[in-house]
Amino acid sequence: MMEQKEIYIIGIGHNSAVTIELAELNGYRIMGLIHYNNELTGKTQWGYPIVSDTESFLKQDIASVNFALSMGDNTIRKEVFDTIKKQGGMLPLLIHPTASVSRFSVLNEGVQIHANVTVQPDVVVKENSIISFGVGLTHNVTIAEHCYIAGHSLIGAYTVVEENVLVGMGTTTVSGKVEKIGHDTVVGAGSLVMSTIAPKKVVYGRPAK
Ligand SMILES: CC(C)(COP(=O)(O)OP(=O)(O)OC[C@H]1O[C@@H](n2cnc3c(N)ncnc32)[C@H](O)[C@@H]1OP(=O)(O)O)[C@@H](O)C(=O)NCCC(=O)NCCS
């Protein structure tokens, strides 16, 4: 019998059970949960033991140990991702079995593709980005590192979403009209994006401004 792959989940918040379930569905055996707050160590959540705080755990030898990151905050997730990578840890790609992913797409380390997502051909999703439930990534879209594309957003063809962007739930970027969404930008929920958005902006509305 093949040995089951093992993984640790980092982050305990409202969204963490989504990541736990995703790891289970990808065939991982969850070895424990890890949280920044050491006061939770020893407790149990969603049936799994909280085994350590993040800082102490990542100080150990974590070479080739698998992790999945459950925090939605892009900046915190980037920090933890970078620490794990520096120390030789691994962040496997996790794809929900209901997702439809083109064989002509490229999904990188630490990417999570949640339930009912569609990824069309020639899409690239770079390290540590989370594509939440029901999102559509149209052909030739690029999602850079450490982004969070929230539920039921639709990213139109040829849009490049730069690093560390939050696209709020139910947003549409119109195919062919939006070259870029600049790094570190937040697009509010339910937005309709009609043109390029500069870096470090907060925009929302229909059309988004
Ligand atoms: C855009 C956003 C970041 C702004 O947050 P904020 O700075 O706290 O803004 P506020 O809630 O104080 O709202 C300020 C004004 O903008 C309006 N507004 C805020 N977000 C809006 C949105 N997405 N669409 C339309 N109007 C919006 C508010 O109604 C309010 O208007 P008012 O001044 O006329 O009352 C936030 O509302 C948002 O949409 N976040 C995305 C959430 C999300 O999808 N997360 C995904 C994880 S599940």
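Analyst: Two strands count as paired when DSSP finds at least two bridges between them. This structure is a predicted model.

User: How many bridges join strand 21 to strand 23?
Analyst: Strand 21 covers residues 186-187 and runs parallel to strand 23. A pair needs at least two bridges. The number that joins strand 21 to strand 23 is two.

User: Which residue of strand 23 is the bridge partner of V186?
Analyst: V186 lies in strand 21, which covers residues 186-187. Strand 23 covers residues 202-203. The bridge partner of V186 in strand 23 is V202.

User: Which strands are at the edges of the open sheet of seven strands?
Analyst: The strand order in this sheet is 6-9-12-15-18-21-23, and the pairing is parallel. An edge strand here pairs on one side only. The edge strands are strand 6 (94-95) and strand 23 (202-203).

User: What is the bridge partner of I155 in strand 19?
Analyst: Strand 16 takes in residues 154-155, and strand 19 takes in residues 172-173. The two strands run parallel and are joined by two bridges. In strand 19, I155 has as its bridge partner T173.

User: What distance separates the centres of domain 1 and domain 2?
Analyst: The domain assignment gives domain 1 as 5-86 and domain 2 as 93-201. Their contact takes 14 residues from domain 1 and 14 residues from domain 2. Taken over C-alpha atoms, the centres are separated by 23 Å.

User: Which elements each supply at least two residues of the side of domain 1 that touches domain 2?
Analyst: By class, this side of domain 1 has seven nonpolar, five polar and two charged residues. The elements that each supply at least two residues are helix 1 (16-25), strand 5 (67-69) and helix 3 (74-86).

User: Is M71 buried or exposed?
Analyst: M71 lies in the loop between strand 5 and helix 3. Leaving out residues up to four places away in sequence, M71 touches G11, G13, I76 and R77. The cut-off for a buried residue is 20 or more other C-beta atoms within 10 Å. M71 has 21 C-beta neighbours inside 10 Å, so it counts as buried.

User: How far apart are the C-alpha atoms of M71 and M31?
Analyst: M71 and M31 are 40 residues apart along the chain. The separation of their C-alpha atoms is 18 Å.

User: What is the radius of gyration of the protein?
Analyst: The protein has three helices and 23 strands. For 209 residues the globule rule gives 17 Å, and the protein's value is close to this, so it is as compact as a globular protein of that length. The radius of gyration is 17 Å.

User: What percentage of the residues count as buried?
Analyst: The C-alpha atoms fill a box of roughly 50 × 40 × 30 Å along the principal axes. Of the 209 residues, the share that counts as buried is 39%.

Terms used: Residues are numbered from 1 along each chain as its sequence is written. This is a predicted model: local features need pLDDT of at least 70, side-chain atom pairs count only at pLDDT 80 or more; totals for chains, interfaces and linings use all residues. Domain bounds come from an automatic or database domain assignment. Two residues are in contact if their C-beta atoms, placed from the backbone, lie within 7 Å. Helices (H or I, at least four residues) and strands (E, at least two) are DSSP runs, numbered from the N terminus. Ala, Val, Leu, Ile, Met, Phe, Trp, Tyr, Cys and Pro count as nonpolar, Asp, Glu, Lys and Arg as charged, and the others, Gly among them, as polar. The radius of gyration is taken over C-alpha atoms; the globule rule is 2.2 Å times the number of residues to the power 0.38. A residue is buried if 20 or more other C-beta atoms lie within 10 Å of its own, exposed if 12 or fewer, and partly exposed in between; C-beta atoms are placed from the backbone.
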